[in-house]
Amino acid sequence: MTNHPNRRRAADPQPPRRRTRRSRRPRARAALPAALLALVCAGTAPGAGTPARAADGPAAAGAPGARPARSFDTGPARAALKRLLPRHAAQFTLVADPAAGGPDSFTVSGRAGAITVRGTTGATLLTGVGWYLQHIAGADIGWPGDSLGMLPARLPAVPAPVTRSALVPHRYALNDTDDGYSGPYRTFEQHRRQIDLLALHGVNEVFVQVGAEYPYYRALQGFGYGAAELREWIPAPGHQSWWLLQNLSGFGGPVSERLMRERAGLGARIAEQLRGLGMTPVLPGYFGTVPPGFAARNEGARTVPQGDWAGFERPDWLDPSSPVFPKVAAAYYAEQRAVFGDSAMYRMSPLHEGGQTGPVDVGAAARAVQAALHAAHPGAVWAVLGWQDSPRKELLAGVDTSELLILDGLSDRYNRLDREARWGGAPYALGTIYNFGGHTTVGANTSVWIDRFGSWRAKDASALRGTAYLPEATGTNPAAFDLFTDLAWEPGRIDQRAWFAGFAARRYGRPDPEAAAAWEELRKGPYSTSSGLWSESQDSLFTARPSLTAAGAAHWSPTAMRYPADAVRRALEHLLKVDPRLRGSSAYRFDLVDTARQALANHSRVLLPRIRAAYEARDPAAFRELTAAWADAERRLDALAGSDPNFLLEPWLAAARSWGADEAEKDRYEYDARSILSVWGRHGTSEGGFLHDYANREWGGLIRELYAPRWAAYFGTLEEALVKKTAPREIDWHAFEEEWARRTTRRQPGVASGANGPTGNPYALAAGVAAALRADGQPPARPARRG
């Protein structure tokens with residue numbers, strides 16, 4: 001086994017003892033078996049062994065008006081603060097100020113160098129710190145990029161105490177697909193960083209998928225299945241998101257028992273980290289997914305074949321109203337509790353993106369699913385995704401909707417939505433899915449968020465109870481993350497233009513007219529797209545499967561520009577003129593690379609029609625010149641992306657290999673990680689299900705290894721056809737892409753970019769992109785007016 005520095009091997013947990021009496025929210029740690037408890041609590045857990053205290057920091061003792069002893073430990077929040085602000089954490093005093101039935105809130109006050117934050121939970125204390133950084137200190141900790149290096153040694157005073165209360169009780173985060181598209185092989189430290197950022201931005205409920213396969217694996221061995229056949233049925237980590245959604249099984253496997261144990265241990269640590277901050281770990285619930293042949297092995301079981309999902313055969317559905325279902329559910333929840341402890345919210349989406357009801361009474365099935373959940377976790381909330389036609393009216397009619405929360409994934413996508421009428425008054429959270437598959441495209445329907453959050457909350461008998469941050473992959477769009485999470489905390493309607501001006505001022509640590517001009521262009525362009533059909537902006541043609549008529553890379557992405565392309569190019573010109581003293585931050589570097597990348601990606605939609613025109617005119621000289629320009633743009637794009645750590649292929653592949661115990665297992669997991677970026681699945685699913693390139697992204701290494709050679713091969717066939725005056729040769733694109741997915745860094749050392757981290761000068765590379773766009777006939781932006 002590889003000795004991974006961020007994990008410890010856990011022994012195989014023994015089946016937990018069944019309990020006949022449970023409190024509504026028991027202490028999760030007490031429920032963990034000894035082996036996993038040792039893993040979860042390796043070292044000193046946040047706050048462990050520390051006496052309960054009301055405050056933490058230099059102003060705690062004898063503070064005027066000090067509150068009585070608090071009901072939660074500020075230690076985990078203090079530990080997160082030290083990670084987030086290592087140079088300045090000591091200047092904050094964190095005071096527990098639990099709410100008595102009221103909303104989460106924080107109060108920020110203090111003099112220079114001595115800032116006090118009071119909050120109702122550990123996470124809310126961090127939200128107060130985040131508010132202070134944005135509005136008082138003028139600094140940004142983004143996802144990704146920060147400007148903390150610009151903070152003064154002594155933090156500025158708060159002119160007058162400021163209190164903010166959450167406008168909604170539910171501030172949910174993470175799509176069911178986040179683990180697959182953001183990084184299925186991440187370390188605990190990477191997940192903990194994600195939790196810290198979510199807390200800093202006011203989130204209080206977080207989906208935890210890592211290790212979710214282990215309760216299935218343990219429980220189903222009691223219903224006629226052997227360990228080996230279950231390991232074949234469970235997909236590799238990169239594809240498990242869709243197995244949990246009952247869309248597929250087995251792809252990328254078999255998984256090893258060691259892998260599942262270690263992922264379960266990691267998931268347990270993530271859940272415990274959330275609990276330490278007073279956040280809710282949202283765990284997958286059980287709604288009836290079973291392996292093939294379940295009814296034949298279990299008397300009285302009724303299963304319904306679920307048909308096809310994008311070319312995959314879906315797992316069977318155990319009828320929840322059949323007598324065997326509560327037994328399976330009880331076994332599942334017992335195994336889950338043994339590893340992950342208890343929670344107050346569970347995620348389930350029966351019949352997601354299709355599925356067959358067969359003879360099943362959907363209302364009765366939903367009632368049985370909720371009953372099984374409440375038998376294991378009394379009063380727990382069932383969180384269901386609002387997507388396509390789900391949740392169905394029959395499902396809602398069968399459950400107690402007061403203990404349901406619909407995570408609306410379509411809030412900003414379509415017009416004329418009436419969620420109260422559609423869902424019969426069931427509680428829901430306004431959500432956004434502005435990123436699909438981890439695309440590197442920028443933009444979001446931010447004005448739609450602002451309009452609808454306010455108007456939907458204000459309507460008579462509003463059932464809006466939360467926000468749901470649901471991009472399919474996270475960590476790609478810091479402005480969108482900041483603005484969406486601000487919705488739940490700003491007491492009045494957000495002024496979009498003023499918000500982006502404020503973002504520009506803090507993003508690089510100081511106000512700068514060129515930065516302000518850049519973000520105003522981005523606001524008016526990719527961040528002001530409208531609802532009606534899309535929630536995501538277009539992807540790049542450089543990442544598309546080659547065709548002279550290509551209009552997008554992913555089958556379900558927009559086929560045309562959703563905003564004026566010049567907005568991004570002008571923003572790039574302004575960013576290049578930002579004061580040199582502000583260019584040293586990771587925030588500036590990321591934004592510069594991302595904006596230059598997007599400007600070049602948008603230019604692919606200018607170049608390709610020119611290439612098509614030259615080909616159709618049978619002009620070989622023009623065709624060669626234009627395809628050479630295309631290849632040059634791809635080289636620039638690969639070099640640009642390779643200059644920032646957030647746009648590298650190699651860490652994605654190295655992470656997958658790090659989880660393998662031997663070379664064969666490492667190769668399987670690397671294929672899992674490569675395939676989801678390219679072919680996604682088997683031939684039938686990649687082609688017939690149109691899944692190829694669904695998760696396309698402009699990364700250093702990925703462009704050079706897959707996208708550029710793919711276009712070069714295609715253009716080669718067209719040039720040959722022009723010379724020979726014949727029809728172009730056909731290329732088996734799936735075979736081309738599968739060959740790339742089957743490569744391994746073991747067999748081809750150095751094949752992936754970024755093995756030694758980012759290379760090149762981001763500023764020089766971005767300037768080169770801007771110059772190339774200017775040379776192509778696009779005028780530069782006018783300098784911003786300096787005030």
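Which helices and strands cover the buried residues of helix 15? Among them are strand 16 (404-408), helix 14 (419-423), strand 17 (428-432), strand 18 (464-469), helix 16 (478-486) and helix 17 (496-507). This is a predicted model, in which local features need pLDDT of at least 70, side-chain atom pairs count only at pLDDT 80 or more, and totals for chains, interfaces and linings use all residues. Residues are numbered from 1 along each chain as its sequence is written, and side-chain values use heavy atoms, with hydrogens and water left out.

**Confidence**
- The chain has a mean pLDDT (the predictor's confidence in each residue, from 0 to 100) of 91, and 89% of its residues reach 70 or more.
- Over residues 1-35 pLDDT stays under 50, and the model has 73 contacts (heavy atoms within 4.5 Å) beyond four places in sequence for them.
- Residues 37-54 also stay under 50 in pLDDT, with 34 contacts beyond four places in sequence.
- Where pLDDT is low, the predicted coordinates should not be read in detail.

**Helix 15**
- Helices here are DSSP runs of H or I with at least four residues, strands are runs of E with at least two, and both are numbered from the N terminus.
- Helix 15 (residues 446-458) has 13 residues and reaches 19 Å from its first C-alpha to its last, close to the 18 Å expected at 1.5 Å a residue (1.5 Å times one less than the number of residues).
- Its buried residues (under 20% relative accessible area, 1.4 Å probe, protein chains only) are T446, V448, W449, I450, R452, F453 and W456.

How values were computed. Buried < 20%, exposed > 50% of the residue type's maximum accessible area, 1.4 Å probe, protein only.
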